[in-house]
Amino acid sequence: AQTPVKVTVTGAAGQIGYALLFRIASGQLLGADVPVTLSLLEIPQAVKAAEGTAMELDDCAFPLLRGIEITDDPNVAFDGANVALLVGAMPRKAGMERGDLLEANGGIFGPQGKAINDHAADDIRVLVVGNPANTNALIAQQHAPDVPAERFTAMTRLDHNRALSQLAAKLQVPVTEIKKMTIWGNHSATQYPDLFHTEVGGKIAAELVDEAWLRDTFIPTVAKRGAAIIEARGASSAASAANAAIDHVYDWVNGTEWTSAAIPSDGSYGVPEGLISSFPVVSRNGKWEIVQGLEIDAFSRERIDASVRELEEERDAVRQLGLI
Ligand code: NDP
């Protein structure tokens with residue numbers, strides 16, 4: 001029998017965790033024939049709630065779910081982990097300065113990176129969902145010098161999926177008609193959803209819409225979709241974030257054509273090496289590869305540079321705080 005894959009989820013008792021765990025256990029993260037064990041990491045005061053979720057997981061009698069562990073110790077949670085979904089993070093509270101936010105998250109993602117470094121399986125793959133996701137991923141990666149940097153990624157797949165859905169609605173086509181969508185940069189309001197390489201029925205998407213819609217409606221709608229959902233739902237997006245996490249890991253492991261993921265830069269497209277920034281990527285043989293050779297016009301250049309500058313500022317801030 002196949003050895004189960006160990007999947008560690010942090011912030012497991014949160015609302016994204018609740019939307020995520022049942023899909024992992026049902027086989028949607030890795031494949032319908034891959035048994036899994038789940039390790040749920042929570043802060044001490046949320047362990048009981050995680051136990052409740054684990055009871056519900058038990059009650060699903062998922063054929064692929066071979067075990068559940070619940071802990072508040074990262075060294076236990078990441079021991080032998082093959083996949084780590086870092087969902088738990090310190091959210092920005094009203095009046096909180098960026099430095100405070102980064103510092104609070106440094107206290108979470110530094111020790112988690114070290115625990116991954118010391119205890120995870122050799123094939124560990126890490127996806128950071130908790131915000132500020134790109135910089136949290138950088139902090140964790142910097143604390144894991146023995147793990148190849150490329151194993152640390154951050155999620156921009158939800159932005160990617162939002163961009164697909166907005167464009168599909170505008171052009172009245174199924175999302176399956178749209179190829180080569182790209183999100184560049186930071187998972188924040190500065191992210192840049194790029195339609196200049198996106199293809200719809202063999203045509204470039206940017207040529208199928210007017211520039212005012214692209215600039216004044218499409219880009220801000222995608223970038224601010226999270227706030228619009230909070231406004232409508234009274235709570236932040238959870239099921240769609242979990243869905244995007246599933247998409248990211250499934251594609252990383254099983255391979256995919258063009259999508260978007262935040263991965264450590266190799267210097268491509270002028271993004272400083274080492275920054276964890278979103279790129280157009282494909283996945284081959286279990287590795288993300290940046291799509292090369294794209295022409296970047298002035299409109300796109302300006303927007304990519306602005307988002308990358310924000311990532312550099314976040315990196316410099318966590319450096320100054322001694323977090324990396
Ligand atoms: P959620 O499950 O709703 O969100 C978790 C994180 O995901 C937040 O940082 C959130 O950022 C982020 N996120 C990223 N993309 C999205 C998106 N598109 N939509 C919504 N959120 C997104 O938070 P909860 O408060 O329900 O749960 C968090 C859990 O994490 C709690 O149970 C807490 O105890 C736990 N936690 C665990 C830690 C650990 O395991 N060591 C450490 C810290 C917390 P944003 O806030 O910017 O929306």
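Begin by selecting Leu-167, Met-181, Leu-195, Phe-218 and Phe-279, which have the most contacts inside the largest nonpolar core, a set of 37 residues. A nonpolar core here is a set of buried Ala, Val, Leu, Ile, Met, Phe, Trp, Tyr and Cys residues joined through side-chain atoms within 4.5 Å, where buried means under 20% relative accessible area, exposed over 50% and partly exposed in between (1.4 Å probe, protein chains only). Among the elements that each supply at least two residues of this core are helix H6 (157-171), helix H7 (211-223) and strand E13 (276-284), and H7 gives the largest share, 5 residues. Helices (H or I, at least four residues) and strands (E, at least two) are DSSP runs, numbered from the N terminus.

This is a predicted model, in which local features need pLDDT of at least 70 and side-chain atom pairs count only at pLDDT 80 or more, while totals for chains, interfaces and linings use all residues. Residues are numbered from 1 along each chain as its sequence is written, and side-chain values use heavy atoms, with hydrogens and water left out.

Next, select Leu-167, which, leaving aside neighbours within four places in sequence, is in contact (heavy atoms within 4.5 Å) with residues including Ile-178, Trp-213 and Phe-218. A second, separate core of 35 residues includes Phe-62, Val-87, Leu-158 and Ala-244.

Then move to Gly-130, in the loop between strand E5 (125-128) and helix H5 (133-142). Gly-130 is buried, with a relative accessible area of 5%, and, with neighbours within four places in sequence left aside, its contacts include Leu-86, Val-87 and Phe-109. Asn-131, also placed in the loop between E5 and H5, is partly exposed at 37% relative accessibility.
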